[in-house]
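I opened this notebook to keep track of what I looked up, in the order in which I looked it up. The entries start with the chain as a whole and then turn to its parts.

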Amino acid sequence: VLVNYRSGEAPDHLRRSAIARYTLRSVDRNIVPSRFLQEVFAKHVIAAEIIPNIIDTRRFAFRLRDQAQPRLVSTRNFEPLYDVACTLRAFGIIQRRYPAATLTLVGAGSEDASLRRLAAEVGLRGVTFAGRVAPQDISQYYAAADIYVQTPTIDADVAVSRNVSDTGLLMVAARVLEVGAPIAFCFEMPSDEDERARVLTVLGNWARREASVDIAIGVQRGV
C-alpha cells in the first residue's frame with residue numbers, strides 16, 4: 001500500500017489525528033514531494049520518501065527582470081488557507097506608493113465573491129480576476145508580470161515556486177522550501193493579519209535593482 005501525501009497542512013493534521021499517524025505508519029511506503037513534508041513526518045516517527053513534482057520547463061520562457069516594475073501576479077486559489085485577502089490588502093499599500101501598480105489573480109474558489117468585494121471596498125485599481133486557467137495557459141500570466149506573490153497560511157507551494165523560477169519572475173512568498181533556483185526573498189508570515197500586510201509593503205521595493213536587499217532590511221526592521 002502506497003500513500004501519496006501532498007498537503008501543506010500536514011503539521012496540524014498529524015498533530016491532531018492519531019488515526020492519520022497510525023495509518024501512515026502502517027502502509028508500505030509514504031511518498032511526499034518535499035523535504036518539508038518528509039521532516040514533518042519524521043517528527044511523528046513516520047518514514048517517507050521524496051519524489052519531487054515534475055515540471056514541464058518547455059512551457060515557460062525565462063525573462064530577466066533586472067528593471068522590475070510593480071506588476072504582480074498570484075496563482076493561488078481563492079480558499080482560506082491561501083489567504084489571498086492578505087495579498088489584496090498588501091497590494092493596496094503598494095498601490096498608494098506606486099499608483100500604476102497592477103495585480104493579476106489567477107484562480108477560483110469559495111472566497112471569489114468576498115475577494116472581489118474586498119478589492120472594491122479598499123478601492124483598488126488595476127486588479128484583474130483572471131479566473132481558473134488551464135495549466136498550458138498559465139505561462140502567459142507569468143510572462144506579463146515582474147513579481148510573483150503568495151501569502152498562504154500553510155507552507156508555500158514548491159511546484160509553483162519552481163515554475164516561477166523558470167520564468168525569471170521575482171518572488172516574495174511565505175516560507176518556500178527546496179526551490180531549485182534562487183528566489184530573492186522568502187519569509188515566515190506573522191500570524192496577525194495587519195502585520196502580514198505591513199511585511200508585504202516591502203514589495204514596492206521591487207521597482208529598484210537592490211530589491212532583495214531592501215526587502216530583507218525592511219522585514220528585519222518589522223516594516
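**Entry 1: confidence and overall make-up**

I noted before anything else that this is a predicted model, and I therefore looked up the confidence, since coordinates predicted with low pLDDT should not be read in detail. The mean pLDDT of the chain is 77, and 73% of its residues reach 70 or more. Over residues 176-188 the pLDDT is below 50, although in the model this stretch still has 41 contacts beyond near neighbours in sequence. I found a further stretch, residues 203-223, where pLDDT stays under 50 and the model has 40 contacts beyond four places in sequence.

For the make-up of the chain, I counted nine helices and nine strands. Buried residues account for 47% of the 223 residues.

**Entry 2: the open sheet and the helix on it**

I then followed a sheet of three strands, which is open, has the order E1-E2-E3 and is paired in parallel. Its edge strands are E1 (2-4) and E3 (49-50), each of which pairs on one side only. Strand E2, residues 29-32, runs parallel to E3 and is joined to E3 by two bridges; I looked up Val32 and found that its bridge partner in E3 is Ile50. Helix H3 (residues 35-43) packs on this sheet, where H3 touches E2 and E3, and the direction of H3 makes about 140 degrees with that of E2.

**Entry 3: strands E4 and E7**

Strand E4 (residues 71-74) pairs with E7 in the parallel sense, over two bridges. In this pairing I found Leu72 opposite Ile147 of E7. I next asked which way the residues of E7 point. Ile147 and Val149 point one way and Tyr148 and Gln150 the other, and all are buried.

**Entry 4: nonpolar cores**

Which residues touch the most other members of the largest nonpolar core? They are Leu72, Leu88, Leu105 and Leu115, in a core of 18 residues. I listed the elements that give two or more residues to this core, namely helix H4 (84-97), strand E5 (102-106), helix H5 (112-122) and strand E7 (147-150). H4 gives the most, with five residues. I also recorded a second, separate core of twelve residues, with Tyr5, Ala10, Ala20 and Leu24 among them.

**Entry 5: helix H5**

I looked at H5 residue by residue and found Leu115, Leu118 and Ala119 buried. Seen down the axis of H5, its buried residues fall within an arc of 100 degrees, and they therefore line one face of the helix.

Ala113 counts as partly exposed because its relative accessibility is 44%. Its C-alpha atom is separated by 9.4 Å from that of Phe78, a residue 35 places away along the chain. Just after H5, I noted that Gly123 takes a positive phi of about 75 degrees.

Val45 is in the loop between H3 and E3, and its phi, near 60 degrees, is positive. Asp83 lies in the loop between E4 and H4, and its phi, near 45 degrees, is positive as well.

Are these two residues buried or exposed? Val45 counts as exposed because its relative accessibility is 68%, whereas Asp83 is buried, with a relative accessible area of 11%.

Note on methods. Residues numbered from 1 in each chain as written. Predicted model: local features only at pLDDT ≥ 70, side-chain atom pairs only at ≥ 80, totals over all residues. Heavy atoms only, no water. Core = buried A, V, L, I, M, F, W, Y, C linked by side-chain atoms within 4.5 Å. Buried < 20%, exposed > 50% of the residue type's maximum accessible area, 1.4 Å probe, protein only. Helix = DSSP H or I, 4+ residues; strand = E, 2+ residues; numbered from the N terminus. Pairing = 2+ DSSP bridges. Contact = heavy atoms within 4.5 Å. Axes fitted to C-alpha atoms, helices over the stretch in contact; angles between N-to-C directions. pLDDT = per-residue confidence, 0-100. Arc of directions from axis to C-beta.
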